Amino acid sequence: MRLSGRAVDALRVIRFEPMVNKYAEGSCLVHFGDTKVLVTATVEEKVPPFLRNTGKGWVTAEYGMLPRATHSRTDREAAKGKQQGRTVEIQRLIGRSLRAVVDMQKLGERQIRVDADVIQADGGTRTASITGGYVALWLALQKLVATRDLAEHPITRAVAAISCGLVDGEAVLDLDYEEDSRAEADANFVLAEGGGIVEVQATAEADPFSPTQFRRLVDLAEIGTARLFELQKEAIIAAMEGRPDLATPPPLSPEQLAQQQKAQKQGSGKPGSGNRSAGGGKGGGNKGGGNNSGGGRAPDRDRNQQGRPLGTLGDALAAAQRKDR
């Protein structure tokens, strides 16, 4: 029996609170027992330089801990002027894990930035960040579907992460801090729904562990993530209720599709049309002052007045509706 009273294959109390941040496109406060992580997902209409003009998007992540997330206060990394190696390692893991379940071609040339901030740490902060990050990411992308900026949801399957370890010679699931600090071996499993392995991190803290023991850890990870997938779905369904801004719109009618295609042809066929959309004036972006942000900067020729990129489904429909009026 574990000190917590849990069975060896039992998770801590897991709870998701979706859409807790009023500003972020997607967010989730995730609880793994006493570990609490706030995850937000932000949509950015840009991609890293290596993806420009490829038609593909990107998902990246940042991770951090509040100073008093741990037993004693830890100085902010910003005050030190650099991130610790652990921080960089974890945020790269979060990014890799979430990218594994996103169709970047369907996402298009935009970036989703996932921020995971640990409010309270009691073991498993990276696994909680990935598991809650999936919920925040799914909701942010669903908003793009709801506004017709995406034709379909680009997430291909769910992803979740859980820790397992050998404590007092016994394989256990979902280690808290006390168990993690005295484990003979510990592992983090990132698994995709349907049985796919995204990443495994496993380390012997003392003597090497056997393949048989490792297989037992794998079995526990599959048990744990199966339950996490269920909880993720429940959280997403709860977030969707009563939220018209997250509702999937009905398919476009043939007339709407024709209007959309016509608007797209008009927008791409006229030289300088992007400037008029951005500036709202006949003379293009250099007049009227609305385009120029000051300091001699060139106008942003790829965005409309709301700061959204030109050429999306939403802009095409809006242009067609204005023309009809």
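## Methionine 19

Let's start in a loop: methionine 19 lies between strand S1 (14–18) and strand S2 (26–32). Strands here are DSSP runs of E with at least two residues, helices are runs of H or I with at least four residues, and both are numbered from the N terminus. This is a predicted model, where local features need pLDDT of at least 70, side-chain atom pairs count only at pLDDT 80 or more, and totals for chains, interfaces and linings use all residues. Residues are numbered from 1 along each chain as its sequence is written, and side-chain values use heavy atoms, with hydrogens and water left out.

Methionine 19 counts as buried because its relative accessible area is 15%; buried means under 20%, exposed over 50% and partly exposed in between, with a 1.4 Å probe and protein chains only. Setting aside neighbours within four places in sequence, its contacts include Leu139, Lys143, Ala239 and Arg243 (heavy atoms within 4.5 Å). Alanine 239 sits 220 residues away in sequence, yet the C-alpha to C-alpha distance is 6.7 Å.

## The open sheet

Four strands make an open, antiparallel sheet, ordered S7-S6-S8-S9; a pair needs at least two DSSP bridges. S7 (170–173) and S9 (196–204) are the edge strands, each pairing on one side only. On average, neighbouring strands are turned by 20° against each other, direction ignored.

S8 (residues 185–192) and S9 are joined by eight bridges, and alanine 187 stands opposite alanine 202 in S9.

## Helices on the sheet

Helix H2 (residues 85–99) packs on the sheet, touching S6 (159–167), S8 and S9, and its direction makes about 155° with that of S9. Helix H4 (residues 125–146) also touches S6, S8 and S9, at about 160° to the direction of S6. For these angles, axes are lines fitted to C-alpha atoms, for helices over the stretch in contact, and values run from 0 to 180 degrees between N-to-C directions.
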